[in-house]
Amino acid sequence: MLEERETKEPAMNPFQKNESKETLFSPVSTEEVPPQPLSLPKKPPLKICGSNYPLSIAFIVVNEFCERFSYYGMKAVLTLYFLYFLHWNEDTSTSIYHAFSSLCYFTPILGAAIADSWLGKFKTIIYLSLVYVLGHVVKSLGALPILGGQMVHTVLSLVGLSLIALGTGGIKPCVAAFGGDQFEEKHAEERTRYFSVFYLSINAGSLISTFITPMLRGDVQCFGEDCYALAFGVPGLLMVIALVVFAMGSKIYRKPPPEGNIVSQVVKCIWFAISNRFNNRSGDIPKRQHWLDWAAEKYPKQLIMDVKALTRVLFLYIPLPMFWALLDQQGSRWTLQATRMNGNLGVFVLQPDQMQVLNPLLVLIFIPLFDLVIYQLVSKCGINFSSLRKMAVGMILASLAFAVAAAVELKINRMTPPQPGPQEIFLQVLNLADDEVKVTVLGDENNTLLEESLRSFQKMPHYAQLHLKTKSQDFHFYLTTHNLSVYTKHSVEEKNWYSLILREDGKNISSMMVKDEGNKTANGMTTVRFINTLHKEVNISLTTDIFLSVGEDYGVSAYITVQSGEYAAVHCRTEDKDFLLNMGLLDFGATYLFVITNNTNQDPQAWKMKDTPANKLSIAWQLPQYALVTAGEVMFSVTGLEFSYSQAPSSMKSVLQAAWLLTVAVGNIIVLVVAQFSGLVQWAEFILFSCLLLVVCLIFSIMGYYYVPIKPEDLQKPADKQILHTQENVINLETKKTKL
C-alpha cells in the first residue's frame with residue numbers, strides 16, 4: 001500500500017497552470033483595452049485556528065481516512081470471502097483478488113482524464129464516490145447468505161468489486177491534488193506539512209481497518225457462520241461518511257477549473273512521432289537525431305524535450321511490475337498460508353487476515369528508521385548508496401521474503417496431513433456398535449485393500465489411503481462380528497475424505513458412508529460436527545449465535561466453525577429434555593467429531609474424536625517475511641518515486657504517476673497469470689517468484705549501471721530561465737499574494 005501513499009503528492013503537479021497568476025499581474029499591451037468593471041476582491045479562505053492552513057483541508061483529510069479505511073478494510077477479508085463464502089479454490093480466489101487490485105490501479109488513468117479534461121477534481125470526487133458507495137452496497141448484499149444462491153452471490157460480488165475499483169481508482173489521483181489546490185502559493189511550507197498529515201491519515205485508515213474488519217468477520221456470527229456481510233458493510237458505512245464529510249466542505253473549497261490532461265498530450269505526441277517516422281521511412285528522407293523529433297511538425301519543441309526526458313525514466317520502469325507482483329501477495333497467498341497456522345499468541349488470538357496489519361505498522365517504523373539511522377550509517381561508511389542501488393536492494397529483500405515464505409510453507413506441509421490426489425481417497429472407520437467389528441475393504445477383483453478390527457466406540461487411528469481405478473468406484477465392505485457377517489457396497493469419488501460409520505440396527509450391523517470435507521478448518525478456526533445416536537432430534541447451542549439441529553437415529557450434522565477454547569457446558573435440548581454436553585478444550589485449527597450417545601444412568605454424553613490435528617506452527621513465523629518485504633517496499637517505493645521525479649520535468653510528473661500506478665497494475669496481472677497457469681505447489685510458486693525477482697533485479701541493475709542521471713538544473717525550462725525578462729514587461733503588479 002506504500003506505492004499509493006507515496007504517489008499522492010505528485011498528483012497535484014501535472015502540467016499545472018497556476019491559476020493564481022492571473023490575479024498577480026497584467027501584461028503590457030499596445031492596444032487600447034476597454035475599461036473593465038471593478039470586481040470585488042475574493043473573500044479570503046477560512047483558516048484553522050488562525051493558522052495558514054485552510055479549513056477545507058480538514059474535510060479532505062477526514063475523507064481520506066474514511067476512504068482508506070473503507071478500501072483496505074474490505075480488501076483485508078476479500079480472499080477468505082472468496083475461499084470460504086463463495087467456495088472458490090485457492091488459485092481462483094488469488095486470481096480474482098489480483099484482478100481486482102489490478103483494476104484499482106488502471107482506473108486512476110480514467111479518473112485523472114475525467115477530472116483534468118471534463119468535470120474538474122471536485123465533481124469527479126463526488127460522482128465517483130457515489131459509484132464507490134454503490135459498489136459497497138452491492139458487495140455487502142452479495143455477502144448475505146439468505147439472498148439467493150451462489151450464482152447470485154458471485155454476480156453481486158463481481159459487480160460490486162467492479163464499481164469499487166472504478167470509485168477508488170477514479171478518485172485516487174484527485175483527492176490529494178485537490179487538497180493541494182486549497183493552499184495559496186505563498187503557503188508552500190504549510191502545503192508540504194499537509195501532505196504529511198494526508199499520508200498519516202492513509203496509514204491510520206489502513207492500519208485500523210486491517211485490524212478491525214477481520215475481527216468483525218471472525219468474532220461475529222451471522223446466520224451461523226462468519227459475518228462477511230458485516231465485514232463489508234462497516235467499510236461501506238465509512239465510505240458513506242467519507243462522501244458526506246467531503247460534501248460538507250463544498251462551499252469553502254477552492255475549485256480550479258479543468259486544466260487539460262497532459263497524459264493524453266504525451267500519448268498523442270509519442271503516437272504521432274511513431275506514425276510519422278513510419279510514414280517517412282524512405283532512405284531519401286534525412287534521419288533525425290532522436291525518434292521523438294519526428295513529432296516536431298505538430299508539437300512544440302518544449303513538449304518534445306520533456307517527453308524525451310520522460311522516456312528515459314519510463315525505460316527504467318519496465319522491470320518494476322515484478323516487484324509489485326510479490327508485494328501484493330500479502331493479501332492473497334500469504335493470507336492463505338496464515339489460515340493453516342496457529343494464531344493463538346497467548347495474549348490474544350490473531351485472525352489469518354489480520355497479519356496484513358504488519359505492513360502499515362512496519363512502514364511507519366521503517367521510514368524514519370531508514371532515513372535517520374540506516375542511510376546515515378551507510379553514508380558515514382563512505383558507501384555511495386544511490387537511489388538505483390537502494391531500489392535494487394529493495395528487490396533483493398522482497399526476493400528473500402518469498403524465500404522465507406517458501407521455507408515456512410514447507411514447514412507447514414510437514415505438519416499437515418497429506419491430501420488425496422487423483423484416483424485416491426482417504427477413509428476412516430468409526431465403530432458405534434456395541435460389539436467389536438472386523439472391517440474388510442475389497443476391490444473390484446475381491447482383493448483385500450484394507451482390514452481392521454475395531455472395538456466398540458473406537459475409530460481407526462488415522463485415515464487409510466485407498467487407490468481407485470477410475471475417478472469414481474464402488475468399494476465392497478465385509479463386516480464381521482462374533483455371530484454375524486454383513487456384506488455391503490458404497491460408492492466413492494476421487495480426491496475426497498470419507499468416514500464409514502458402523503452402527504447397530506436392531507440385531508444387525510449396518511453402515512453408512514459420510515463424505516468429509518477435505519479442508520475442514522476455515523480461517524484457522526476450530527471445526528466440529530455431530531452424530532446423534534439418540535432416537536430424538538437434538539438442538540445444540542454452541543454459542544449465543546451458533547445453533548444447529550442434528551437428526552435422530554444417527555443423523556450427521558454439517559461442519560460448524562467455532563472459536564477455539566474450553567466448552568465445558570454446551571446447552572442441548574430434545575423435545576422432552578434439556579441437558580449439557582462437556583466438549584472439553586477445542587484446539588486452534590483442529591477438526592472434531594462428537595458422537596452423542598445415551599447413558600441410562602445419566603444425561604446423554606458426547607464421545608469426542610479429533611479428525612484433523614490442531615495447527616501447531618505459530619503464525620508468528622510469518623513475521624520475518626513481512627519485515628523483509630516491508631523493508632524492501634520502503635527502499636524500493638519511496639526511493640523509486642524520489643528518483644523518478646528528480647529525473648523528469650515538472651510538467652511530466654502526472655505522467656510519471658500514471659506510469660507508476662500502471663506498473664502496480666501489471667504486477668497484479670503477473671500474479672493472476674501464474675496462479676491460473678503455473679500448476680505449482682505453493683512452496684514452489686514462492687520460489688518461482690523469488691527467482692524471477694532476482695533475475696529482474698539483475699536486469700534492473702545493468703540498466704541502472706548504464707543510466708546517466710540528469711542534474712535537476714538541466715531540467716529547467718528555457719521559459720523558466722527568462723522569468724526576469726518577462727517581469728520587466730509587467731505592470732500593475734498585485735502584491736497582496738506574493739512578490740515576483
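This is a predicted model: local features need pLDDT of at least 70, side-chain atom pairs count only at pLDDT 80 or more; totals for chains, interfaces and linings use all residues.
Cysteine 572 has its bridge partner, phenylalanine 579, over in β20.

**The four-stranded sheet**

- β19 and β20 sit in an open sheet of four strands, which runs in the order β15-β14-β19-β20 with antiparallel pairing.
- At the edges you'll find β15 (547-550) and β20 (578-581), each of them pairing on one side only.
- Ignoring direction, neighbouring strands here are turned by 25° against each other on average.

- How much of β22 is buried? Seven of the seven residues in this strand (591-597) are, so it counts as mostly covered, given that buried means under 20% relative accessible area.
- The cover is on both faces: Thr591, Leu593, Val595 and Thr597 are buried on one side, while Tyr592, Phe594 and Ile596 are buried on the other.
- β22 pairs with β13 (residues 526-532) in the parallel sense, over six bridges.
- In that pairing, asparagine 532 stands opposite isoleucine 596 of β22.
- β22 also runs antiparallel to β23 (residues 605-612), and seven bridges join the two.
- Here tyrosine 592 has lysine 610 of β23 as its bridge partner.

**The largest nonpolar core**

- This core counts 133 residues, and the ones touching the most other members are Phe100 and Met652.
- Helix α14 (residues 387-415) is the top contributor, giving twelve residues to the core.
- Leaving aside residues up to four places away in sequence, phenylalanine 100 touches Tyr71, Met74, Leu78, Leu161, Ile164 and Ala165.
- As background, nonpolar side chains tend to be buried together in soluble globular proteins.

**Glutamate 64**

- Glutamate 64 lies in helix α2, which covers residues 56-76.
- Is glutamate 64 buried or exposed? Its relative accessibility is 1%, so glutamate 64 counts as buried, the cut-off being under 20%.
- Phenylalanine 198 is 134 residues away from glutamate 64 in sequence, yet their C-alpha atoms are 7.5 Å apart in space.

Note on methods. Residues are numbered from 1 along each chain as its sequence is written. Side-chain values use heavy atoms; hydrogens and water are left out. Two strands pair if DSSP finds at least two bridges between them. Axes are lines fitted to C-alpha atoms, for helices over the stretch in contact, and angles run from 0 to 180 degrees between N-to-C directions. Buried means under 20% relative accessible area, exposed over 50%, partly exposed in between (1.4 Å probe, protein chains only). A nonpolar core is a set of buried Ala, Val, Leu, Ile, Met, Phe, Trp, Tyr and Cys residues joined through side-chain atoms within 4.5 Å. Contact means heavy atoms within 4.5 Å.
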